[in-house]
Amino acid sequence: MDASLLDAAFTAFTIMIEPHRLAFLSAGVLVGLTLGVIPGLGGIVGMALLLPFTFDMDAYSAFAFLLGMGSVTTTSDTIPAVLFGVPGTVGSAATILDGHPMAKKGQAGRAFGAAYSASMVGGVFGALLLGISVPVLRPVILFLGSPELLAFAVFGLSMVAVLSGGTPMRGLAIAAFGLTMAMVGAGPQTSTLRWTFGSLYLWDGIPLVPLTLGLFALPELADMVIARRRIAGDTKIDSRSGQWQGVKDTFRNWWLVIRVAFIGAGLGSVPGIGASVIDWIAYGHAARTEKGAEKTFGTGDVRGVLASEGSNNAKEGGALVPTIAFGVPGSASMAILLGAFLIHGLIPGPAMLSTHLDVTYSMVWSVALANILGAGICFAFSNQFAKVALVRYSIITPIIVTLIVIGAFQGSRNWGDLWVLFFFGLLGWGMKRFRWPRPPLMIGFVLGGIVERYLFISVGRYGWEWLARPVVVVLLALALLGFLRPLLREIRAEGGLGALLTNLAPPRFDPQVVFYLAFLAFVGFLVVIATGWDFAANIAPLIMGTTALIMAGMSLLNYVFRRPAVSDPSKPKRMSLDVEVDDAGAAVALVARRATVFLVWILGLYLGIYLIGMLPALFLFIVLYMRVDGNERWSQVAAVAASITAFNFVLFDYLLRIPWPRAIIGDLLPDLRYAYGLF
């Protein structure tokens, strides 16, 4: 490491230990720990919630705030996983296998001690990998041009199959749709207005924040409302006894922790491989390599907890490597973090390893310090965090809705932000219900501008000769393999292409097919509109839109005419291409009714914002929802509504001076608007 790198690392450290930046880091850590405890909420939702609040921060504080949150959600998600057998995030799913049996044996404290210390070691290891990677990547990245950066972006897109679970073709279709959505607005080459439909709001494109909140936060909240269940009834919470024994277990099995941390950081640096995969790979590695694991894993072996928790925190530092160096998000939450780069005028790539090297190292320190701080807080306050998981839906729902609506309005501080939130909330909930993967849409949306920009630069400067550059050839070949791998795997599993094409069943028609047809109709409508633009304006949208149509069409035919084979329950389940079994006995009518009621609540809130202003409408929403839907006591309703409204007023109106959407009451009573500025 040369002197300039050491100087940048030291400068970044002195910046990060300034009191106000440590305060932002600590605030992010507290938010991340809280979100990790609530099942269904996690790093993606948290990143989306906090992103709007970084607009007026400097880059160091903003990334400390965001990475402080993102680095520790997989630390506190251990609490519901161990105590209740419910993962706080997908990153702790494997922790349940041994953590929950340990809790049933009265060893919850030992499981927590092992998990927190292993998470801290893994997180610091991931930050160390990021710090070491900077001097290694710096001389490499400085020699890369726009063709190579374009190839890296395409390679990142090819990894969406991994983010798509058992439905890779849907993932590719929705990633292409995300790329298409990124091209809404004035074209960068010709300033042609693309898909604006006469709306001035869409001239600058769809804002990242309301899209992200709609896609990820609203669907999770809707499902929480629909389920209306408490996670753990009257479970007695005691998480401190035996924690020190768990710490000893971590250092007694230090070589296992280091190995799984390396696995987590290494796989985290591969774009598209998320936490839902990494902890299982690490757990499987431990089960294969640890002595006697085949007999004890799954029954309460602390080594199973160490394997899962040591890997899932390490992936955050690893995921930052391709995000910073190449602009290719290493995970869905990193895709949202790219939005913070854009907000603060930073461009991932060479500049982050030269001009803004101090910002890069501030991220390294943020990840390391957040993991140490997060582990310490969890050791001290496990019982208190665990109680958050027991909060009734009728209390937590209006609070989160308040944050989501105010956060979405920060996209461009226009009424259009709220409608983008609503549209993508409906889309995101439908995608979740019908098992369409959502992270690929986010990946495509964030990379869309990068792909189009580097494509025009590459073609304009090199013609088509850029396709023959060695790095480009290798990356595009790997991308092609990534795109084709699901199909090739399915062909092999079916015994050849002929068997795949002839293994058909009578066609079926169900709500999933309706969702397919609606998606195809909407994308087809966009493609037809794009054909009327100039070549420079429509070439990229037509390619992306047509790709989405082809992938979705193939997936539809596959879904309609093919069935997954009935698997032996004693063997691992093989997921057939884009065919999943519907939940047996699902109360469809009940789900539809509760979903409709929640939709009416949101529309009612929008009407209230339009009539009386955002803060008064949010106050009224909290009161009515808690009282009517949740039947909460008036004293509790008053306390929650008053405290949340006071918080919103002090933070957003008094301190941040946010301009609120104009309401009808302000037009009727202009003196009221001028006096308070809330209407």
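Buried means under 20% relative accessible area, exposed over 50%, and partly exposed in between, with a 1.4 Å probe and protein chains only. I start my notes with this definition and apply it to Asp-301, which is buried at a relative accessible area of 11%.

**Ground rules.** I am reading a predicted model, in which local features need pLDDT of at least 70 and side-chain atom pairs count only at pLDDT 80 or more, while totals for chains, interfaces and linings use all residues. Residues are numbered from 1 along each chain as its sequence is written, and side-chain values use heavy atoms, with hydrogens and water left out.

**Confidence.** I looked up pLDDT, the predictor's confidence in each residue, from 0 to 100. The protein chain averages 78, and 81% of the residues score at least 70. Helix α31 (residues 670-676) has the lowest confidence, with a mean of 62, and α25 the highest, at 93. Residues 231-235 fall below 50, and beyond near neighbours in sequence this stretch has eight contacts in the model. A contact means heavy atoms within 4.5 Å. Residues 565-586 also stay under 50, with 40 contacts beyond four places in sequence. Where pLDDT is low, predicted coordinates should not be read in detail.

**Helix α25.** Helices (H or I, at least four residues) and strands (E, at least two) are DSSP runs, numbered from the N terminus. I checked the length of α25, residues 511-530: at 1.5 Å a residue its 20 residues should span 28 Å, and the end C-alpha atoms are 29 Å apart, which agrees. The expected span is 1.5 Å times one less than the number of residues. Its buried residues include Phe-515, Tyr-516, Phe-519 and Leu-520. Seen down the axis, the buried residues of α25 fall within an arc of 160°, so they line one face of the helix. The arc is that of the directions from the helix axis to the C-beta atoms. I found the exposed Pro-511 and Val-528 on the face turned away from the buried side. The buried residues pack against α10 (168-181), α21 (415-433) and α26 (535-561).

**Cores.** A nonpolar core is a set of buried Ala, Val, Leu, Ile, Met, Phe, Trp, Tyr and Cys residues joined through side-chain atoms within 4.5 Å. I noted 141 residues in the largest one, where Phe-63 and Leu-337 have the most contacts. Helix α11 gives the most to this core, with twelve residues. Apart from it lies another core of 34 residues, including Val-72 and Ala-286.

**Salt bridges.** I count a salt bridge when a side-chain nitrogen of Lys or Arg is within 4 Å of a carboxyl oxygen of Asp or Glu. The structure holds eleven. In one of them, Arg-110 pairs with Asp-249, with the closest N and O atoms 2.6 Å apart. This pair links helix α8 (residues 108-141) with helix α12 (residues 243-252), and the two residues are 139 residues apart. Arg-110 is partly exposed at 23%, whereas Asp-249 is buried at 2%. Glu-452 pairs with Arg-194 at 2.9 Å between the closest N and O atoms, and both are buried. Arg-303 pairs with Asp-301, at 2.8 Å. Salt bridges that share partners join Arg-259, Glu-290, Asp-301 and Arg-303 into one network.

**Phi angles.** Most residues other than glycine have a negative phi. I noted a positive phi of about 55° at Trp-195 and at Phe-197. Trp-195 is buried at 4%, whereas Phe-197 is exposed at 54%.
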